[in-house]
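Colleague: Hi! I have a bit of time before class, could you walk me through this one?
Modeller: Happy to, let's look at it together.

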Amino acid sequence: MPKAGSINHLTLQTEALDNPQPDEVCVQVKAMGLNFADVFAMQGLYSATPAGSFIPGLEFSGEVVSVGRSVTSCKVGDRVMGVTRFGGYVSYININEQYVIPMPQDWSYEQGAGFLVQGLTAYYALLSLGNMQKGMTVLIHSAAGGVGLLANQICKKYGAYTIGTVGQPNKVDFLRQEEKFDAVILRGKDFGAQLRQTLAERPLNLIMECIGGEVLAQGWKALAPMGRMVVYGNASFSSHSAQPNYPRLFWKYLQRPRIDPLKLPTENKSLMGFNLIYLYEQTDLMHQLLRELQALDLAPQHIGHVYPHQDMQKAIRLFQRGKTVGKVVVTW
């Protein structure tokens, strides 16, 4: 990306790559995972986006082809998956060894490229912030996406009752039959009533919130006392075009829900938010979370769409329109 502002700025460029530094490994990237953060960064809507020219991409998988002299955690030939604070849309990457981990032997590169960002997001939101306990009722928005699917897996490990929501009717049966959600809501204009009917007498204990707008407001209203809402995205601000529609975004911003912090003690609810990219700066915590996540022995991510790198723009456009089921991966 010569500069942020439009997805159309994304171009394929050839550059020379130096040998890895003493604490770095060089990975030949085989697959890259797409994330909404990538899209927002390319459109210039992501606060963590580097200034000027940058390479998008937060996660990848591949084979180690070279190691620095101080590297002890992996060797040439190892199959690894990794996370990076941008720079993942590349065929080769030099990266500190702390940011790559071995990939399970029975996983494909596509599955490896779709696990770390979504897995860490779901685990940190549910356990570190959400304090999920056995028997809780958990509302998971964008349930057919990468985070939603892994969040459901994690919830099931803890015996939680999961309610997934989606915006497209073709995703409902997949969640019910393949992913074993306890209930699925096709979000409509009457989402609040849909949610109340689905909950029946169940208390809503935890919400994985990534939609925003009226959906957020209705979820907050339905949240039980001592319930927690964890916000990790805002899909309602996404666009289907290459660049942002600023008048529409400004209108949505003015119409956004407002939660008064002075009322939180009275309502006895908690609202939390986080951006996973800042976890990369706390490597000890990140590896602790990864160990806990891996200990759950989750099934590999559901890969719904795989594109060759020549079709990167096509993959991004499909991803933007919310028509994907599972993880979208681009391969070299």
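Colleague: How do helix α3 and helix α10 lie relative to each other, parallel or perpendicular?
Modeller: This is a predicted model, and in it the axes of α3 (residues 116–129) and α10 (residues 283–295) come within 10 Å and cross at roughly 90 degrees. An angle from 65 to 115 degrees counts as roughly perpendicular, so α3 and α10 are roughly perpendicular to each other.

Colleague: Which residues make that contact?
Modeller: On the α3 side they are Leu116, Gly119, Leu120, Tyr123, Tyr124 and Ser128, while α10 brings in Met286, Leu289, Leu290, Glu292 and Leu293. Sorted by type, the residues of this contact are eight nonpolar, two polar and one charged.

Colleague: What else does α3 lie across?
Modeller: Helix α3 lies across the strands β6 (137–140), β9, β10 and β11, and it runs at about 150 degrees to β9.

Colleague: Ah, strands! In what order do they sit in their sheet?
Modeller: The order is β8-β7-β6-β9-β10-β11, six strands in an open sheet with parallel pairing. The edges are β8 (183–186) and β11 (270–273); each has a single partner strand, so one side of each is left without a neighbour in the sheet. Ignoring direction, neighbouring strands here are turned by 15 degrees against each other on average.

Colleague: Which strands does helix α6 lie across?
Modeller: Helix α6 (residues 191–199) lies across β6, β7 (161–166), β8 and β9, and its direction is at about 165 degrees to β8.

Colleague: Let's zoom in. How many bridges join β9 to β10?
Modeller: Five bridges join β9 (residues 204–209) to β10 (residues 223–231), and the two strands run parallel. For instance, Leu206 has Arg228 of β10 as its bridge partner.

Colleague: I spotted Glu209 there. Is that residue buried or exposed?
Modeller: Glu209 is in strand β9. Its relative accessibility is 0%, and buried means under 20%, so Glu209 counts as buried.

Colleague: What does Glu209 touch?
Modeller: Setting aside residues up to four places away in sequence, Glu209 touches His141, Val215, Leu216, Met229, Val230, Val231, Tyr232 and Gly233. Take Val231: this residue is 22 residues from Glu209 along the chain, and their C-alpha atoms are separated by 4.7 Å.

Colleague: New topic: which residues are buried in helix α11?
Modeller: In α11 (residues 312–320), the buried ones are Met312, Ala315, Ile316, Phe319 and Gln320. Looking down the axis of α11, these buried residues fall within an arc of 135 degrees, so they line one face of the helix.

Colleague: And what covers them?
Modeller: The cover includes β1 (24–33), α1 (36–42), β12 (303–308) and β13 (327–331). After α11 comes Gly322, which has a positive phi, near 65 degrees.

Colleague: Tell me about β13. How many of its residues are buried?
Modeller: Five of its five residues are buried, and β13 is described as mostly covered. Side chains in a regular strand alternate between the two faces of the sheet. In β13, Lys327, Val329 and Thr331 point one way, and Val328 and Val330 point the other way.

Colleague: Which strands does β13 pair with?
Modeller: One of them is β1, which pairs with β13 in the antiparallel sense over three bridges; Ala31 stands opposite Thr331 there. Another is β12, which runs parallel to β13 and is joined to it by five bridges. In that pairing, Ile303 has Lys327 as its bridge partner.

Colleague: What about Gln28, which residues is that one in contact with?
Modeller: Gln28 is found in strand β1. Leaving out neighbours within four places in sequence, its contacts are Ser61, Gly62, Glu63, Val65, Ser91 and Tyr92. Its relative accessibility is 24%, so Gln28 counts as partly exposed.

Colleague: Last one: where is Lys180, and what is its phi?
Modeller: Lys180 is in the loop between α5 (172–178) and β8, and its phi is near 60 degrees, a positive value in a residue other than glycine. At 55% relative accessibility, Lys180 counts as exposed. Asn268, in the loop between α9 (264–267) and β11, also has a positive phi, of about 60 degrees, although it is not a glycine. With 36% relative accessibility, Asn268 counts as partly exposed.

Methods
Residues numbered from 1 in each chain as written. Predicted model: local features only at pLDDT ≥ 70, side-chain atom pairs only at ≥ 80, totals over all residues. Heavy atoms only, no water. Axes fitted to C-alpha atoms, helices over the stretch in contact; angles between N-to-C directions. Helix = DSSP H or I, 4+ residues; strand = E, 2+ residues; numbered from the N terminus. Parallel < 35°, antiparallel > 145°, perpendicular 65-115°, else oblique. Contact = heavy atoms within 4.5 Å. Nonpolar A, V, L, I, M, F, W, Y, C, P; charged D, E, K, R; others polar. Buried < 20%, exposed > 50% of the residue type's maximum accessible area, 1.4 Å probe, protein only. Arc of directions from axis to C-beta. Pairing = 2+ DSSP bridges.
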